[in-house]
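Here are some notes to read alongside the model, written for someone meeting it for the first time. Please keep the structure open as you go through the points.

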Amino acid sequence: MNDESSSPKPTTPSSLNYYHPSPSRTIYSDRFIPSRSASNFALFGLSTPPPSDGSTNADNDTSSSSSSAAYTALLRKALFGSDLGVVPPSTPDKKSSPVATPNPVNRNIFRFKSETRQSLHSLSPFGFDDQSTGVTHRPAKAPRIVPRSPYKVLDAPALQDDFYLNLVDWSSHNVLAVGLSNCVYLWNASSSKVTKLCDLGIDETVCSVSWSQQGTTLAVGTSNGEVQIWDVFGCKKVRSMEGHRSRVGALAWNSSMLSSGSRDKSVLHRDPRAQQDFVSKLNGHKSEVCGLKWSYDNHQLASGGNDNRLFIWNQHSTQPVLKYCEHTAAVKAIAWSPHLYGLLASGGGTADRCIRFWNTTTNSHLSCVDTGSQVCNLVWSKNGNELVSTHGYSQNQIVVWRYPNMSKLATLTGHTYRVLYLAISPDGQTIVTGAGDETLRFWNAFPSPKFQNTESEIGASSFGRTYIR
């Protein structure tokens, strides 16, 4: 039987070894040959390789090898520098063809261009586009200028040079009370009228004065431990209250209640409406109480003593609820911030010279500033986050501070003795300072209240020097 019909047909080489792809399919190769058609050879100082013109494979290999060697050499120089002394190894089966020296380029390839550098604002996730709606760039605010000279000086004969006394206070009705020896004088800041309120006699001297919050009643502490309450409009004494065994150098009003601090180391709470002389007695200090201030909400009383202690009391405590012992000298200067609840400033005497800040709500010591001289008084601005300190040994200066960085806005000089007394006007712009040089000096230390463009009625135009009595 003839099997030729079932035998396989001989194959031709073309049908066995060659594959004819579809014209629509892309041909892929197993060898990756980089295309440098999009390369920026001018960036590296190289000329663009000429287009293919049908030259031999040898010529193409030579040109490709030359470009690759030049690129490698230039890249190595840019990355590692030209002075490393490293000789690249040669490939044994290929001969390096001579390569022309490329044009010099900057070795710091990845350096930012100056015109493309971005500001720090552009790195913020919130953006700082100058054209953005609602975003404005304001110039830095110029520092406030504080006049370096007092606008008024009053002679105050017999104003005592005693660190532990508090002889000056300014009422809400713009009347200044000053204790001079055994008398109390009232100076009306609006009219400059002087009134003699009382004379204690030759056996007593005035040790402290303090206005009630209403500005109609004045408390006077005396050298024999008595506290007198005076009606200033009627110029008459309402009552006298005893209880202390020694002089009363510190007074502080809390609404209708009055607190007094004495050399007998005690603090007495008094209610002028009650029959008894005092309603409670606070014990804690080991020496004379010379500083006393109620907080603005009338909930906390701060007391400072010659025992270098600062105590905090509440309305009902007879023992201090907080004790601060960081000062190393007498604490007379005490001031509550009218802006931040529980923020208290205190100052130490000659051996301390520091202003310290406390948070009485968290019982924490916030900061400390060494002023370089005895701190006699402190008062906060009512219109801004600033405060004034007055000083004694050895510079007798007055300093206006910006809180909380405690940068000095101004240093005021003029007193020749320790600046022992300080009070602030009801509008919050003016302070008055008193010293053992027997003068009272008025300074425009603080800014005016917000949205207030009128000048203070204290009389800044009334320059000159007059007597307070």
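1. R144 is partly exposed, at 23% relative accessibility; here buried means under 20% relative accessible area, exposed over 50%, and partly exposed in between (1.4 Å probe, protein chains only). R144 forms a salt bridge with E386, and the closest N and O atoms are 2.4 Å apart. That pair joins distant parts of the chain, 242 residues apart: R144 sits in the loop between α2 (57-80) and β1 (152-155), and E386 in strand β23 (residues 386-391). E386 itself is buried, with a relative accessible area of 7%.

2. A word on the ground rules. This is a predicted model, in which local features need pLDDT of at least 70 and side-chain atom pairs count only at pLDDT 80 or more, while totals for chains, interfaces and linings use all residues. Residues are numbered from 1 along each chain as its sequence is written, and side-chain values use heavy atoms, leaving out hydrogens and water.

3. How many salt bridges does a search of the whole structure find? The count is 9, where a salt bridge is a side-chain nitrogen of Lys or Arg within 4 Å of a carboxyl oxygen of Asp or Glu.

4. Do look at E288, which is buried at 6% relative accessible area. R247 forms a salt bridge with E288, the closest N and O atoms being 3.0 Å apart, and R247 is buried too, with a relative accessible area of 10%. The side chain of E288 also meets that of R263 in a salt bridge (3.4 Å, N to O). Because E288 lies in the loop between β13 and β14 and R263 in the loop between β11 and β12, this pair ties together parts that are 25 residues apart in sequence. R263 is partly exposed at 41% relative accessibility. D162, R247, R263 and E288 are linked in a network of salt bridges.

5. Next, strand β11 (residues 257-262), where 6 of its 6 residues are buried. Strands are DSSP runs of E with at least two residues, and helices are runs of H or I with at least four, numbered from the N terminus. On one side of β11 the buried residues are M257, S259 and G261, and on the other L258, S260 and S262.

6. Finally, the neighbours of β11. Strands pair if DSSP finds at least two bridges between them. β11 pairs in the antiparallel sense with β10 (residues 248-254) over 6 bridges, and with β12 (residues 267-270) over 4 bridges, also antiparallel. L258 is the bridge partner of W253 and stands opposite R270 in β12.
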